[in-house]
Amino acid sequence: MLQKPRGTRDFLPDEMDQRREVEGIMRRFARTWGYREVCTPEFEELELFTIRSGEGIIQEMYVFEDKGGRKLALRPELTAPVLRMYVNEGKTLPKPLRWFYFADCFRYERPQKGRYRQFWQFGIELIGADSALAEAEVILLARDILAASDISFSIHVGHLSLMRSLLDGLDPDDQKKIRMFLDKKDTGGLAMYLSSQGRDDLCTRLTALAGCRDLNEVFTITGDLPDRDRIEELFSILDASGLEYTLNPGIARGLDYYTGMVFEIFAENLGAENQVLGGGTYRLAHLFGGEETPSCGFAIGFDRVMVARGERMPAPGTVAGVAFTPEGRDWALTVAGAFRNAGIRTELSLTGKSIGNQIAQIARSADYALIIGKRERELQQVTVKNLRTGGQKVLSLSDAIGEVSGSEPR
Ligand code: HAM
């Protein structure tokens, strides 16, 4: 038996119903904040992703060559593609641009619960705004979307300047390694690495900073910073808006394009892969041939949100099944069409067996059976059988629709 590729999933209708429902909630919220949907290709020139992060990232991607010899990659995320699109198509649009996307991404990772090789992100990018208020908007929108998705979570907000102030002057490769340890919260690895370099003092300061939860104390560790006012403004907006969050200067973010505010959100009832959202302030447009454009955004790991929500009963709405004799067929088709036009999910029996047999089959999944024979056809009526109560009525078509649509789905 053939199987799906490792790290991918199939979704049955019950699961798709729930995914679409949550996706709809996310779209609705993004729209009410003024964000509009964009779409980019599933694959891009490989260079789009290596230009900022280096060749190392190739190991984590699906990379291939097409028949024309072009090096392409399935997108591992959408920030770089969306900013490429902005440079190609959106430069002249009035800024700031508020864009959102819901799309699948591909990463060559070791699959486990909450970590897949194909997964979906719901993300937003606020392009061309450079202020604490813009950063706060992005964080508050993230909070609203996740709260509406009905999961429990905690928000951690940091700023890269804080960590950078301690790493200033170090070799960029060293900085990258240290950020990787911090991103993975691997304090043991960090201590070993810095100790091997004779930098135990730095390890102590980094660990103290990463664990600090008070902004004034943070500045005593980092010393004064050029963007201190901006950082203070951001946190004062967050406080004024009543956001519940944790200040976390230890957030390093795995991706290389962030420049300032960074934030991560963790779901409370997930295992190791509990980060449901990552985002921050970044600059990418200038790398793709555009002007330097301050931007800010986030991406939600949609699949992790679905895992965090847990199994829920789908709400399919009322379902009607149509059972009919050969003489009733044409009228049955008309009746089914009229029910569907009224927004009722209506399934025609396809077995061609006896009416009793058809009703028995319909009863497995529907709330009502619409029974149509020669008499119903002649009188243009419908026999409506309530499959929960067993009650049965002969009604005109419009009364039949009223009877079924007025009922509660089971
Ligand atoms: P990221 O943190 O790499 O950021 O990914 C965002 C979210 O996608 C993660 O927090 C996680 O929930 C989910 N995710 C990542 N990898 C997987 C996986 N293998 N399986 C399931 N879920 C996964 C970004 O991608 C940035 N583009 C976010 C951003 C937008 N920054 C600014 N704008």
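**Exercise 1.** Which residues are linked with Asp130 in a network of salt bridges?

*Solution.* The structure is a predicted model. In it, the network of salt bridges links Asp130 with Glu135, Arg230, Arg283 and Glu292. For the model, the count of salt bridges comes to 26.

**Exercise 2.** Characterise the contact between Arg20 and Glu23 by distance, position and accessibility.

*Solution.* Step two concerns position: Arg20 and Glu23 belong to helix 1 (residues 13–32) and, because they are three residues apart, are separated by about one helical turn. Step three concerns accessibility: Glu23 has a relative accessibility of 7% and therefore counts as buried, the limit for that class being under 20%.

**Exercise 3.** Determine which parts of the chain the pair Arg75 and Glu42 ties together.

*Solution.* The closest N and O atoms of this salt bridge are 3.3 Å apart. Arg75 is located in the loop between strand 4 (71–74) and helix 3 (79–90), whereas Glu42 is located in the loop between strand 1 (36–37) and strand 2 (43–45); the pair therefore ties together parts that are 33 residues apart in sequence. Arg75 is buried at 4% relative accessibility, while Glu42, at 34%, is partly exposed.

**Exercise 4.** Locate the salt bridge between Lys374 and Glu378 and classify the accessibility of Lys374.

*Solution.* The closest N and O atoms of Lys374 and Glu378 lie 3.8 Å apart. Both residues are in helix 14 (residues 374–379), four residues apart, about one turn of the helix. With a relative accessibility of 45%, Lys374 counts as partly exposed.

Conventions
Residues are numbered from 1 along each chain as its sequence is written. This is a predicted model: local features need pLDDT of at least 70, side-chain atom pairs count only at pLDDT 80 or more; totals for chains, interfaces and linings use all residues. Side-chain values use heavy atoms; hydrogens and water are left out. A salt bridge is a side-chain nitrogen of Lys or Arg within 4 Å of a carboxyl oxygen of Asp or Glu. Helices (H or I, at least four residues) and strands (E, at least two) are DSSP runs, numbered from the N terminus. Buried means under 20% relative accessible area, exposed over 50%, partly exposed in between (1.4 Å probe, protein chains only).
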